[in-house]
Amino acid sequence: MKRGAGSRKKVIIVGAGPGGLMAARELAEYADVTIIEKGKDISKRTCQVLKGKDCIYCNVCNVTAGIGGAGGMSDGKLNLNPLIGGDLIDFLGMGRTQDLFDMVDAYFVEHGAPDEAPHVPSAGLEQSAAANGIEFIPIKQKHIGSDMLPKVIGSMKKDLENRGVKFMLNTTVESLTARNKKATGVIANGNQLLADFVLLAPGRSGSTWLGEQMKKYDVPIKYMPIDVGVRVEVPAVVYDEAVKTNWDPKFRMRTPTYDDLVRTFCTCPYGFVVQDTYESGVGANGHSQRNCRSNNTNFAFLSKIALTEPLENTNEYGSTIAEQAKTIGGGKPLLQRLGDLKKGRRSTWERLKRSYVEPTLRFVTPGDISMALPHRVVTDLIEGLDMLDRVVPGVASDATLLYAPEIKFAAVRPETRDHFETAVIDNLYVCGDGAGVTRGIVPAAAMGIECAEGIIEKIEK
C-alpha cells in the first residue's frame with residue numbers, strides 16, 4: 001500500500017532518462033510522481049540515421065529525447081566502475097557510489113538486461129598500456145545492445161506506471177517556478193503545474209536550458225570541460241584482443257606536444273558509425289547490436305578542452321567547431337583516412353576506395369579534418385593514435401578511417417547541497433548528465449536514486 005494516502009506530496013521530474021526513471025522508482029511509494037518528457041515513448045522513437053538513411057532533422061530529436069533519454073537509443077553499455085562516467089565519487093565517496101551502481105545494475109537485470117557476468121579486464125592489457133605511457137582503466141562492464149535496449153526501457157516504464165507514476169510525453173517544460181527560495185512547480189506547454197518537489201533531469205541536450213533556469217534563480221553554475229575529436233573506425237580484427245579484455249576498453253594518455261588529455265570513449269565492437277546531430281552542426285557517433293554485426297569496430301577518440309577567462313562557456317566554443325565542420329562538410333560529417341590526414345591532403349571517394357576499411361556510414365563528405373578541427377586537437381589526435389598503436393597494433397594504420405567531428409558538449413554544474421539539492425532553491429534537485437556530474441547511463445541513474453533519497457528524507461520529517 002502506498003504511504004500517506006490522501007496527504008501525499010507531489011513530485012515533478014523533468015526528463016525521462018536513466019536519472020529520472022530511477023528517481024521515480026524510489027519515490028513512487030512515498031509521493032505522487034509525474035515525469036514530464038519532451039520526447040516520445042521508447043516504442044515510438046525511431047531515427048532515419050540509425051537505419052543508414054539521411055537525417056530528417058526532427059523537431060524533437062528522437063536520439064536525444066524520449067523515454068530512456070539519450071541512453072535509450074544507445075547500445076546500452078553499463079560501466080559498473082565509479083571511476084568511469086563522471087565525478088559522482090567526489091560528492092558521495094567510493095563506497096556509496098559503488099552501492100548505487102550495484103542497485104542500478106540489479107534494476108536493469110530485473111527488466112531484461114542480460115543477467116551475465118560483467119566483462120572483467122585482465123592485467124595484461126593494463127601492463128602493456130603502462131609500458132607505453134598510457135593509462136588503461138580496468139572496469140566491469142555489461143553490454144545490452146541497441147536492438148535489446150528498447151525492450152528493457154519499455155519494461156521499466158510499464159513498471160513505473162504500475163507503481164502509479166504518471167507520464168506526460170511530448171510535453172515541453174518552459175521554465176521552473178519558485179517562490180521565496182522554494183520550488184513550486186514548472187510551466188509546461190504554457191500551463192502551471194504545481195509540486196512540492198521538483199527534480200530536473202533534462203539530460204546532456206537539456207543542459208543549456210538547465211543553466212538558464214539556474215541563472216534565473218541565482219543558483220551558481222560552473223561550465224565543465226568539453227571533449228572534441230573524431231570517431232575512429234578500424235577492422236574489427238585490429239581491436240579484437242582489446243575488446244576481449246574489456247568490451248569498451250578505456251585508454252587515457254597525455255600527448256607529447258601539448259601534454260593534453262586524450263581518451264577513448266564508447267567503443268562499439270562490430271558496430272556501426274552513425275550521424276550525430278548538434279544544435280549547431282552534425283557529427284559522428286557509434287553503436288553496437290547484439291544480433292547484427294559489421295566487420296568493423298569504432299570508438300570515439302577525444303581531446304579534453306577546458307576554458308578560463310575571458311570565455312568560460314565551453315559549449316559555445318564547441319558550437320563554433322561544429323558549425324565550421326558542418327559548413328566544410330556541406331551539412332554532412334567529414335570522413336578522412338588517417339594516412340591522408342598525416343600527409344596533409346584531403347580524402348576523396350577514390351582514395352577511400354583504395355582503403356581496405358569499408359565505411360559503415362556513407363552519408364558523409366570526404367574531406368580534410370584539419371580544416372574543421374583546431375590544429376591543437378588534430379595534433380593531439382595524431383599523436384594519441386600513434387601512442388595507442390603501440391598497445392593496439394594497427395589502430396594508426398594509414399587506412400584507419402576518421403569521422404569528424406565528435407563533440408561531447410559540456411553540461412553546466414549547478415552548485416548543490418546534500419543529495420544534489422540546489423544551493424539556493426529549497427526542494428529543487430538536479431541529476432543526470434545535464435547537471436554536469438555524470439556521464440553515462442549507470443552514474444546518471446545512480447544520481448537519480450541519491451536525489452530521490454534526499455526528497456524522501458524531507459517527506460518523512
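The model is predicted, so local features need pLDDT of at least 70 and side-chain atom pairs count only at pLDDT 80 or more, while totals for chains, interfaces and linings use all residues. Residues are numbered from 1 along each chain as its sequence is written, and side-chain values use heavy atoms, with hydrogens and water left out.

**Exercise 1.** Work out how the rings of Phe 136 and Phe 251 are arranged.

*Solution.* Start with the rule: rings of Phe, Tyr and Trp (its six-membered ring) pair if their centres lie within 6.5 Å; planes under 30 degrees apart are stacked, over 60 edge-to-face, and the rest tilted. That rule gives four aromatic pairs. Next, take Phe 136 and Phe 251: their ring centres are 5.4 Å apart and their planes sit at 45 degrees, so this pair is tilted. Now place the pair on the chain: Phe 136 is in strand β4 (residues 134–136) and Phe 251 in strand β13 (residues 251–254), 115 residues apart. Strands here are DSSP E runs of at least two residues and helices are H or I runs of at least four, numbered from the N terminus. Last, check burial: both Phe 136 and Phe 251 are buried, meaning under 20% relative accessible area with a 1.4 Å probe, protein chains only (exposed is over 50%, partly exposed in between).

**Exercise 2.** Classify the pair Phe 299 and Phe 301.

*Solution.* The ring centres of Phe 299 and Phe 301 are 6.3 Å apart with planes at 85 degrees, so you call the pair edge-to-face. Phe 299 is buried at 0% relative accessible area, and Phe 301 is buried at 0% too.

**Exercise 3.** Find which residues touch the most other members of the largest nonpolar core.

*Solution.* A nonpolar core is a set of buried Ala, Val, Leu, Ile, Met, Phe, Trp, Tyr and Cys residues joined through side-chain atoms within 4.5 Å. The largest has 71 residues, and Ile 13, Ile 35, Phe 108 and Leu 200 touch the most other members. Helix α12 (residues 441–460) gives the most to this core, eleven residues. A second, separate core of 43 residues includes Phe 251, Met 253, Phe 299 and Phe 301.
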